[in-house]
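Work through these exercises with the structure open beside you. Try each task before you read its solution.

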Amino acid sequence: MSDTQSLIENRPPSVATLFLERVEATPRAEAYRYPVPPASGEGPDEWRSYTWSEAATRVFGIAAGLMDLGVRPEERVAIASGTRVEWILADTGILCAGAATTTVYPSTNTEETTFILADSESRVLIAEDAEQLAKVRERRAELPQLAHVVVMDEAAAAPAEGDPEGWVLGLAELERRGAAYLEKHPDSVRGTVAALRSDQLATLIYTSGTTGRPKGVRLPHDAWSYMARAIAQTGLVTSEDVQYLWLPLAHVFGKVLTAGQIEVGHVTAVDGRVDKIIENLPVVQPTYMAAVPRIFEKVYNGVAAKAKAGGSAKYKIFQWAAGVAREYAKVTQDNFRRTGNAAAPAGLKAKHAVADRLVYAKLREAFGGRLRACVSGSAALAPEIGYFFAGAGIHVLEGYGLTESSAASFVNPGEAYRTGTVGKPLPGTEVRIAEDGEILLRGPGIMQGYHGLPDKTAEVLEDDGWFHTGDIGELSDDGYLRITDRKKDLIKTSGGKYIAPAEVEGQFKALCPYVSNILVHGADRNYCTALIALDEPALMGWAEEQETLKGRPYEEVVASEETRKLIDGYVEELNSGLQRWQTVKKFRVLPRDLDIEHGELTPSLKLKRPVVEREFGHLIEEMYAGSREA
């Protein structure tokens with residue numbers, strides 16, 4: 001047995017155990033950084049830190065506080081909060097109390113929040129602020145099992161008329177109760193962690209389904225312990241790394257990063273405010289960061305739009321540099337695959353050096369100047385955007401996993417990464433491709449099932465442990481996986497041709513610097529059409545240069561004939577590189593961008609196709625009006 005196999009197979013039963021081991025091994029090392037806004041409300045945030053020992057004091061206080069409230073092993077404690085250091089401390093405290101975390105996105109509406117809390121039978125809710133507290137106050141009669149609400153922001157923790165006595169308390173009060181409980185029962189937390197079994201429930205994550213109620217995915221302690229060890233064994237992160245964590249922790253992608261950090265012991269800077277990413281990167285100077293494709297698309301579009309705004313000469317330089325980056329990435333990756341040496345011909349190296357001085361160096365500086373690697377997951381990254389960043393020296397390692405597989409089933413291996421693939425399976429995870437091309441997974445990261453839904457579980461989980469992902473993919477001879485599409489998203493035209501919409505959409509995102517989201521439609525139709533949402537800042541920058549559009553609001557700009565002609569040019573460019581049956585014959589520019597609030601994107605920014613097609617169905621029908629369907 002190899003050292004890697006041995007470490008994974010001999011893993012402890014839970015991440016709570018790994019946390020205690022980490023605190024014991026490096027008590028004074030820095031664990032977390034978090035921002036504190038200035039009291040005046042103006043000026044930059046002050047970043048403060050917790051050592052592992054300081055974090056443990058708070059985690060033990062939360063764990064013992066929950067015990068004092070009467071929470072018992074495997075009972076659910078929900079967290080409804082954005083990404084902040086208290087989320088991680090609360091989640092770790094819940095695990096150390098032997099309870100299970102139910103995750104709730106702060107953007108979830110009152111009705112769905114109530115459903116999740118009721119379906120999970122959560123006994124306690126740890127709410128971020130007054131807004132999250134209000135959701136359960138409004139529906140308290142429907143949540144008889146919810147014994148307490150703990151509020152992170154102390155000012156919002158005041159009881160209101162009608163609240164049962166002691167129903168609402170602040171997080172600091174919970175920790176004070178925990179400290180008092182520990183004085184009476186000093187071994188309570190360590191004893192509870194020692195008694196944890198690997199098959200006990202650790203987390204309930206509700207998938208944001210495109211139709212119907214979300215399903216609760218049951219992930220045991222062992223899934224996170226396995227993920228922590230497997231991530232460490234990939235060698236992608238070391239104890240010297242500084243991770244910038246902004247992803248939603250209610251999502252499995254964000255959650256798995258906290259498990260990996262505990263095992264490896266590196267620093268994590270935590271701030272979920274998406275509007276602060278650009279400001280934070282030069283301050284945090286991360287060496288490692290995970291993101292969803294939309295972030296890389298926005299950065300790429302922003303750089304392209306800025307170059308265009310600088311005049312035709314600057315834009316030509318950018319386009320040339322982008323072409324060089326892609327060529328350089330493709331050549332060096334191919335050479336590394338064939339020879340183990342990422343070499344490039346002398347002429348290409350010389351062009352790349354010039355482009356680096358003119359374009360790439362500034363881009364790397366915007367990411368903080370120390371970024372060694374980014375991990376991209378949750379949805380497919382357009383390969384042309386991936387190649388651009390790779391050639392610019394920002395190595396985007398695509399990975400793949402689902403909520404049902406604890407997030408990280410595949411990841412690209414460091415230097416040997418291949419853009420357009422999601423890499424190789426994590427040590428200990430098995431993969432096979434079914435006859436219809438569906439990817440099947442088996443391993444310790446796979447869920448126990450859907451909470452209270454045995455029939456739904458049986459639809460995707462076989463008795464021998466193989467999980468049906470619903471994704472279509474191909475495995476290379478040396479084990480790299482390429483995702484081609486969602487099984488249910490494949491389009492079959494009325495002419496019998498199959499089209500992977502994500503492939504066409506990805507190509508358009510790499511061509512058009514103004515696109516935010518695109519949905520290609522064509523199932524059972526005789527040609528393909530597209531709904532295109534535009535990025536407001538990029539489009540308005542372009543509009544300011546147009547005599548007829550300057551000074552006009554976004555609503556007018558996006559609806560203008562000039563904008564339609566602009567996008568038409570990019571659609572023609574897209575079509576020139578597609579097979580005839582893939583081409584987009586008609587398109588409509590949407591009056592606004594797609595967003596989470598309207599339910600068109602998931603909180604991890606994935607497109608909900610059925611929702612978009614329902615919302616803008618009149619535009620789709622308009623594009624097929626008068627066409628002869630085969």
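## Exercise 1: The nine-stranded sheet

An open sheet with mixed pairing holds 9 strands, in the order β2-β1-β11-β10-β12-β13-β14-β15-β16. Keep in mind that this is a predicted model.

**Task.** Find which strands are the edge strands.

**Solution.** 
- Step 1. Read the two ends of the order: β2 and β16.
- Step 2. Check their partners. β2 (46–51) and β16 (424–425) each pair on one side only, which marks them as the edge strands.

## Exercise 2: Two neighbours of β1

**Task.** State in which sense, parallel or antiparallel, β1 and β2 pair. Then do this for β1 and β11.

**Solution.** 
- Step 1. Take β1 and β2. They pair over 6 bridges, in the antiparallel sense.
- Step 2. Take β1 (residues 30–36) and β11 (residues 267–270). These strands run parallel and are joined by 2 bridges.
- Step 3. Move on to R33. Its bridge partner in β11 is A269.

## Exercise 3: Helices on the sheet

**Task.** Name the strands that helix α4 touches. Then name those that helix α10 lies across.

**Solution.** 
- Step 1. Start with α4 (residues 85–96). This helix packs on the sheet and touches β1, β2, β10 (242–245) and β11. The directions of α4 and β1 make an angle of about 135 degrees.
- Step 2. Go to α10 (residues 252–264). It lies across β1, β10, β11, β12 (288–291) and β13 (373–376). Its angle to β10 is about 155 degrees.

## Exercise 4: A nonpolar patch

**Task.** Decide whether W320 is buried, partly exposed or exposed. Then say which helices supply the patch.

**Solution.** 
- Step 1. List the members. I317, W320, V354 and L358 form a nonpolar patch on the surface. Together they have about 310 Å² of accessible area.
- Step 2. Find the helices. α13 (312–339) and α14 (346–366) each give at least two residues to the patch. W320 sits in α13.
- Step 3. Classify W320. Its relative accessible area is 34%. Buried means under 20% and exposed means over 50%. So W320 is partly exposed.

Key:
Residues are numbered from 1 along each chain as its sequence is written. This is a predicted model: local features need pLDDT of at least 70, side-chain atom pairs count only at pLDDT 80 or more; totals for chains, interfaces and linings use all residues. Side-chain values use heavy atoms; hydrogens and water are left out. Two strands pair if DSSP finds at least two bridges between them. Helices (H or I, at least four residues) and strands (E, at least two) are DSSP runs, numbered from the N terminus. Contact means heavy atoms within 4.5 Å. Axes are lines fitted to C-alpha atoms, for helices over the stretch in contact, and angles run from 0 to 180 degrees between N-to-C directions. Patches are made of residues with over 30% relative accessible area and no salt bridge: like charges are joined within 9 Å, nonpolar side chains (Val, Leu, Ile, Met, Phe, Trp, Tyr) within 5 Å. Accessible areas come from the Shrake-Rupley method with a 1.4 Å probe; for residues, only the protein chains shown count as cover. A salt bridge is a side-chain nitrogen of Lys or Arg within 4 Å of a carboxyl oxygen of Asp or Glu. Buried means under 20% relative accessible area, exposed over 50%, partly exposed in between (1.4 Å probe, protein chains only).
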